[in-house]
Amino acid sequence: MSGQVEGLVAIVTGGASGIGAAIARRLHEEGAQVAVLDRDPSGADERFAAFTADVSDRASVDAAVAGVAERFGRIDVVINNAGIGAQGDVTANDDDEWARVLSINVTGIARVTSAALPWLRRSPAAAVCNTASIASTTGLPQRALYSASKGAVSALTRAMAAHHPREGIRGSAGHPRTPAPPRGGGRAGPAAGP
Ligand SMILES: NC(=O)c1ccc[n+]([C@@H]2O[C@H](COP(=O)([O-])OP(=O)(O)OC[C@H]3O[C@@H](n4cnc5c(N)ncnc54)[C@H](O)[C@@H]3O)[C@@H](O)[C@H]2O)c1
C-alpha cells in the first residue's frame, strides 16, 4: 500500500475498535487522513476525526458523511467495516434480529457508500472496501444469520466492483477469519466475527 493513500481522505466505519481500528491505523501510517464513523467513537485513536454514526440509520450516516466532507473537503476511500455478530441456527434469531443484523452488516454498506458517492466520483483514486468474512464462502455451524449477512456483503461487493469502475471507483472486499480458539478452551475473536 506504500504511498498509495498519501493525501487521501478515508472513512472507516466501525473504526473505533477491532479490525476497523487496525485498518484506520494502517491508513494513517500510510499517509491518509482518517475519519472514523462509529456508533460509539469514544475509543477511536485521537489522531483520527471521530464521528458518531449508526450505519443502520440513514439520517445519522448522511450527517456524519457530510461532516467528513465539510471537515476535509474530499472523500477518497470508504472502508465499510462496521458489523455485528449473530449466533445460532435458523431458529435462533427472530425476525427483528434478522432485520437488525442485515440492516447493519449489509444495508449499512449501501447507506454509507451512497452518502459518500458524490465525493468518491470526484476523487482521482476512489476505492470502497467492504469487510466480509470467511463466513461469506464457507459453511459454518451456528452462524445462519451472520453467514447470510456476509454472503450478501460478498455479492454486494461483486456488484459494486462490476459497476463503479466505470466512474473511477474501485470496489473490493476483505474476508477476515476468526483465529482458532486457544487450547484448553476459551473464546477467540471479538463478538462481531467470524
Ligand atoms: N473479529 C473477527 O474475527 C472477524 C472475522 C471476520 C469478519 N469480521 C468482520 O469484521 C468487522 C469488524 O469486526 P471486529 O471483530 O473488529 O468487531 P468489533 O466489535 O471489535 O468492532 C466493531 C465496531 O463497529 C462498531 N459498530 C457496530 N455496530 C455499528 C453500527 N450500527 N454503526 C456504526 N458502528 C457500529 C462498534 O462500535 C465497533 O467499534 C465486522 O464487519 C465483522 O463482521 C470479524
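Predicted model: local features only at pLDDT ≥ 70, side-chain atom pairs only at ≥ 80, totals over all residues.
1. A backbone N or O atom of Asn81 lies 2.8 Å from an oxygen atom of the ligand. The protein covers 92% of the 830 Å² of accessible area that the ligand has on its own. Two elements, α1 (18-29) and α4 (144-163), each contribute two or more residues to the shell around the ligand.

2. In the case of Lys150, an N or O atom of the side chain is 2.9 Å from an oxygen atom of the ligand.

3. The ligand is surrounded by 26 residues, and the closest are Ile19, Asp38, Asn81, Tyr146 and Pro194. By class, this shell holds 13 nonpolar, nine polar and four charged residues.

4. Ser60 belongs to helix α2, which spans residues 58-72. When residues up to four places away in sequence are not counted, Ser60 touches Thr52, Ala53 and Asp54. With Asp54 there is a polar contact: a polar atom of the Ser60 side chain lies 2.8 Å from the backbone nitrogen of Asp54. As a point of reference along the chain, Ser60 and Ala35 are 25 residues apart, and their C-alpha atoms are separated by 15 Å.

5. The strands form an open sheet of six, in the order β3-β2-β1-β4-β5-β6, with parallel pairing. Its edges are β3 (49-52) and β6 (169-174), each of which pairs on one side only. On average, neighbouring strands of the sheet are turned by 15° against each other, direction ignored.

6. Within the sheet, strand β4 (residues 77-80) and strand β5 (residues 126-131) run parallel and are joined by four bridges. Ile79 has Cys129 as its bridge partner in β5.

7. Helix α1 lies across β1 (9-13), β2 (33-38) and β4, and runs at about 170° to β1. Helix α3 (residues 95-120) lies across β1, β4, β5 and β6, with a direction at about 180° to β4. Helix α1 is also one of the elements giving two or more residues to the ligand shell.

Methods:
Residues numbered from 1 in each chain as written. Heavy atoms only, no water. Near = heavy atom within 4 Å. Polar contact = N/O pair within 3.5 Å; in protein donor to acceptor, adjacent residues only side chain to side chain. Areas by Shrake-Rupley, 256 points an atom, 1.4 Å probe, with all protein chains shown as cover. Nonpolar A, V, L, I, M, F, W, Y, C, P; charged D, E, K, R; others polar. Contact = heavy atoms within 4.5 Å. Pairing = 2+ DSSP bridges. Axes fitted to C-alpha atoms, helices over the stretch in contact; angles between N-to-C directions.
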